[in-house]
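Subject: Structure for you to look at

Hello,

Please find the structure below. My notes on it follow.

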Amino acid sequence: MQREIEIKFRVENPRALSRKLRDAGFRLETPSTHEMNTLYDLPGLVLRQRRELLRLRQFGASWKLTHKSGSKVGRHSSRIELETGVSDGKKMDAILRALGYLWSFRYEKFRAEWTDGKGKVVVDHTPIGDFCEIEGKPRWIDATAKKLGVEPKDYITKNYATLFADWKEQTKSKAEEMTFKAVKR
């Protein structure tokens, strides 16, 4: 099973970050592309109680179904990740609902993907701000963060649902999902 190891950090200046990535030898793999994520759970939030996640993601024209579990948080976030492509996201949504799963949270962003051939860096423009994720082996994550001027004290190991909950508490927003439309209100 694949283990996803990553950190996030806030991005104040996306253009400056793009320059730093190029200077560090990264190449843009995918330009900024719209992404919509829907998290599913069973009644009673069974998956959340088990600290698991079931997500259907549309990234541009492609779809993926992902299950994450076995969360470990230290300096990096680490979870077991099972992921597969889906040819018809709308039918997958219908299948999940027919099986009793309900939408538990939706979030969207515009994501640009970068690589140096050893790991992945993504830059996300979200309704609650800009973030960068560095995903790979722990030493590579730390070395890449250092190249980008990011210190371990700036690492974020929370997922977007938790970041959104924190943002709602800070801003007193009534938004129920992390979408551009909902956050604008």
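His76 is buried, as its relative accessible area is 12%; buried means under 20%, exposed over 50%, and partly exposed in between (1.4 Å probe, protein chains only). This is a predicted model, in which local features need pLDDT of at least 70 and side-chain atom pairs count only at pLDDT 80 or more, while totals for chains, interfaces and linings use all residues. Residues are numbered from 1 along each chain as its sequence is written, and side-chain values use heavy atoms, with hydrogens and water left out.

**Around His76**

The loop that holds His76 runs between strand E4 (62-73) and strand E5 (77-86). Helices (H or I, at least four residues) and strands (E, at least two) are DSSP runs, numbered from the N terminus. Leaving aside neighbours within four places in sequence, His76 is in contact with residues including Ile5, Ile7, Pro138 and Tyr155, where contact means heavy atoms within 4.5 Å.

**Cores and helix H4**

A nonpolar core is a set of buried Ala, Val, Leu, Ile, Met, Phe, Trp, Tyr and Cys residues joined through side-chain atoms within 4.5 Å. The largest one has 19 residues, and Phe9, Leu17, Leu21, Val121, Cys132 and Ile134 touch the most other members. Among the elements that give two or more residues to this core are helix H1 (14-23) and helix H4 (138-147). A second, separate core has 15 residues, including Leu39 and Met178.

In H4 the buried residues are Trp140, Ile141, Asp142, Thr144 and Ala145. The buried residues of H4 pack against E1, E7 and E8. After H4 comes Gly149, with a positive phi near 80°.

**Salt bridges**

There are 20 salt bridges in the structure, each a side-chain nitrogen of Lys or Arg within 4 Å of a carboxyl oxygen of Asp or Glu. One of them joins the side chains of Glu35 and Arg111 (3.9 Å, N to O). Glu35 is in strand E2 (residues 27-41) and Arg111 in strand E6, so this pair ties together parts that are 76 residues apart in sequence. Glu35 and Arg111 are both buried.

Another salt bridge links the side chains of Arg55 and Glu83 (3.5 Å, N to O). Since Arg55 lies in strand E3 (residues 53-59) and Glu83 in strand E5, the pair ties together parts that are 28 residues apart in sequence. Arg55 counts as buried at 4% relative accessibility, whereas Glu83, at 36%, counts as partly exposed.

Regards
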